[in-house]
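Dear colleague,

Please find the structure below, handed over for your own work. The notes that follow set out what was found in it.

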Amino acid sequence: MITIPYLTALTTYFSYGLLFAFGQLRDFFRKIIDWWKASNLQGYAPICLGLEDFYTRRLYLRIQDCFGRPISSAPDAWIDVVERVSNDNNKTLK
C-alpha cells in the first residue's frame, strides 16, 4: 500500500480549503455588488442557485490544466504532454 506523507496531505487539504474559502468570499462580494446594481428583472428565475456551479466557476477553471492535459506520446513510464495557453483565465485552453 502506498502512503502519502502527512505534510503533503496537509498542504493539499489546506490549499483546497483556501481555494474554497476565497471562492466563497468572492461569491459573497459578488452578491453584494449585484444587489447594489440590482436591475428590475421581476418575474424571472435565477439561472444558477447557491453552490450549483460553484465548483466549476471558482475551483475547476483554475486547476483544469493540471488534470485535463492531452498526452502527445505513447503511454509509457515517461509521457509528453501538450503545452497549452489561455488568454481568458482558463475558460478556454489553446
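In these notes, a residue is called buried under 20% relative accessible area, exposed over 50%, and partly exposed in between, with a 1.4 Å probe and protein chains only. The model is predicted: local features need pLDDT of at least 70 and side-chain atom pairs count only at pLDDT 80 or more, whereas totals for chains, interfaces and linings use all residues. Residues are numbered from 1 along each chain as its sequence is written, and side-chain values use heavy atoms, with hydrogens and water left out.

Helix 1

Leu7 is placed in helix 1; helices (H or I, at least four residues) and strands (E, at least two) are DSSP runs, numbered from the N terminus. With a relative accessible area of 61%, Leu7 is exposed.

Helix 1 covers residues 6-36 and includes Phe29. Phe29 is partly exposed because its relative accessibility is 45%. Phe29 also contributes to a nonpolar surface patch of about 700 Å², together with Phe14, Leu18, Phe22, Leu25, Phe28 and Ile32. Such patches are made of residues with over 30% relative accessible area and no salt bridge, like charges being joined within 9 Å and nonpolar side chains (Val, Leu, Ile, Met, Phe, Trp, Tyr) within 5 Å. The accessible areas come from the Shrake-Rupley method with a 1.4 Å probe, and for residues only the protein chains shown count as cover.

An unreviewed UniProt entry annotates residues 6-25 as "transmembrane region". UniProt positions are given in the numbering used here, feature names are shortened, and annotations may be inferred rather than shown by experiment. In the model, residues 6-25 are 100% helix and 0% strand, and the end C-alpha atoms of the span lie 28 Å apart.

Salt bridges

A salt bridge is a side-chain nitrogen of Lys or Arg within 4 Å of a carboxyl oxygen of Asp or Glu. By this rule there are 2 salt bridges. One joins the side chains of Asp27 and Arg58, at 2.9 Å from N to O. Asp27 belongs to helix 1 and Arg58 to helix 2, so the pair ties together parts that are 31 residues apart in sequence. Both partners are buried: Asp27 has a relative accessible area of 11%, and Arg58 has a relative accessibility of 9%.

Arg69 forms a salt bridge with Glu83, where the closest N and O atoms are 4.0 Å apart. Arg69 and Glu83 both lie in the segment after helix 2, so this pair ties together parts that are 14 residues apart in sequence. Arg69 is partly exposed, at 31% relative accessible area, whereas Glu83 is exposed, at 63% relative accessibility.

Second largest pocket and helix 2

The second largest pocket has a volume of about 200 Å³. Its lining consists of Arg26, Arg30, Arg57, Arg58, Leu61, Arg62, Asn89 and Lys91. Helix 1 and helix 2 are the elements that give two or more residues to this lining, and helix 2 gives the most, with 4 residues. A pocket is found on a 1 Å grid over the protein atoms alone, as an open set of points with protein on both sides within 12 Å along at least five of seven lines; lining residues have an atom within 4 Å of a point. Grid points are joined across faces, edges and corners, and a volume is the space filled by probe spheres set on the points.

Phe67 lies in helix 2, which covers residues 54-67, and is exposed, with a relative accessible area of 65%. Phe67 and Asp34 are 33 residues apart in sequence, and their C-alpha atoms are 32 Å apart in space.

With kind regards

Conventions:
On a 1 Å grid over the protein atoms alone, a cavity is a set of points where a 1.4 Å probe fits but cannot get out, and a pocket is an open set with protein on both sides within 12 Å along at least five of seven lines; lining residues have an atom within 4 Å of a point.
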